[in-house]
Amino acid sequence: MKMEYKLILKAIGLEAERAKVKAWAVGGFARDRFIGKTTKDIDICVEGDTHSLIDFCVKKYGAEAKCFKAFGTARVNLACGLKLDFVRCRAELYPKPAALPKVRPSGLKDDLMRRDFTCNALALSIMPGEFLKEYDLFNSREAISKGYIEVLHDKSFVDDPTRLFRAVRFSARFGWPLGKNTERLFREAVREKRASLLSRQRIVNEFVKILREKCSYKALKLADKYGLLDFVFGNLKYGSKIDTLSTFEEKIALLSLMQGERGADFVSSLLLPKEGTALCFEVLKWREAKAAPAKALSKKAVKILKLYKPAVEPFKLRPLLLKAEDALALGFKGGEIGSALKKLAKAQYRGKIKNKRAAVSFLKTLK
Ligand code: ATP
Ligand code: MG
């Protein structure tokens, strides 16, 4: 993979020269490479038109190019796993705080200037003759080597308050504190409730990204410390156990349980698609019912519930020992079946019924 990405970037650089444009690998790729990590997501910014480079990747590598947006922006997926995001170098203007920016084509300097933090504003040329040469226009190397998160200008959080969430995420991921000026600006932006100008969806997207990190707990704690978490959900409860889970789906289910009575409100407030919340509602339903579940809980639900309540007795998680057919065979009819099974479910949950035979005897006493 290491060699492969170099060869591919070199080839794209040659094509850039042929097309008389300039191209750099920027953002997370340049940052991660500086700290000795390779990533498969590479942002490539181009001074000039991006289309020839995108066409080149599609033809040469049989790549898939997705979602051409305005401005020649595209995601190109290569068979080897590399994901290239092509963007034309641009300058951004925020017509008002937290609005999406107006953009115009520009050069590398403006493109780096519009970025969130100095650690993400390093560029590596991919052009022949200067392949992987660093363009460090905003002290990125210093930020990465010393390890701190610093905005590029004082209006950064006002222009785009999603950067508040990005700041705690990167700070937690790398263990880099906020720089002094950035911390002051951060607190000011929270005090001025800048994040409340963002749409719910944009806030949720940032929250989801935090939960996709391995160090979600640390990021949540930081967001909490600065009062940012309240913009996601007031008085959100969370704990370090969250980092024993690896998927977003599981983390959100654990969080939903931790919100107590407000669990369902929390999940609904995230506006997630239905598939994303099935596990949440499975565990919430179990907790509310205080009865044996009618059908077996999923493995994931059991894992989350045990994590949430380590002392939960295994019998509380066991599915109901009898089905409607069993009640029917014992002579229950119509509505009696449901109410008999309900009573059985409660008794089983309380640990009074340990096996199928005891369950049959219990139902008989209800006749
Ligand atoms: P990750 O490792 O999480 O992918 P990344 O730094 O690559 O981190 P991305 O969200 O992939 O982050 O964005 C790519 C680059 O785009 C960033 O490095 C940053 O330079 C820029 N960027 C992304 N979001 C913003 C934003 N809200 N404001 C300014 N610049 C941004
Ligand atoms: Mg990235």
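In which loop does asparagine 139 lie? Asparagine 139 is placed in the loop between β9 (134–135) and α5 (140–147). Helices (H or I, at least four residues) and strands (E, at least two) are DSSP runs, numbered from the N terminus. Asparagine 139 is not a glycine, yet its phi is positive, at about 60 degrees. Most residues other than glycine have a negative phi. Lysine 290 also has a positive phi, near 50 degrees, and belongs to the loop between α13 (274–289) and α14 (299–308).

The model is predicted: local features need pLDDT of at least 70 and side-chain atom pairs count only at pLDDT 80 or more, while totals for chains, interfaces and linings use all residues. Residues are numbered from 1 along each chain as its sequence is written, chains are lettered from A and ligands numbered from 1 in the order in which they are written, and side-chain values use heavy atoms, with hydrogens and water left out.

The protein chain contains 18 helices and 9 strands. Its radius of gyration is 27 Å, well over the 21 Å that the globule rule gives for 367 residues, so the chain is more spread out than a compact globule. The radius is taken over C-alpha atoms, and the rule is 2.2 Å times the number of residues to the power 0.38. Along the principal axes, the C-alpha atoms fill a box of roughly 90 × 50 × 35 Å.

The next topic is the interior. Of the 367 residues, 49% count as buried; buried means under 20% relative accessible area, exposed over 50%, and partly exposed in between (1.4 Å probe, protein chains only). A nonpolar core is a set of buried Ala, Val, Leu, Ile, Met, Phe, Trp, Tyr and Cys residues joined through side-chain atoms within 4.5 Å. The largest such core has 98 residues, and Phe186 is among those that touch the most other members. Helix α7 (residues 162–174) supplies the largest share of this core, 7 residues. A second, separate core of 16 residues includes Leu321 and Ile353.

Contact means heavy atoms within 4.5 Å. Not counting residues up to four places away in sequence, phenylalanine 186 touches several residues, including Phe157, Leu164 and Tyr226.

Valine 204, in helix α9 (residues 200–211), counts as buried because its relative accessibility is 2%. Apart from neighbours within four places in sequence, valine 204 is in contact with Ser269 and Leu270. By contrast, lysine 290 counts as partly exposed, at 48% relative accessibility.
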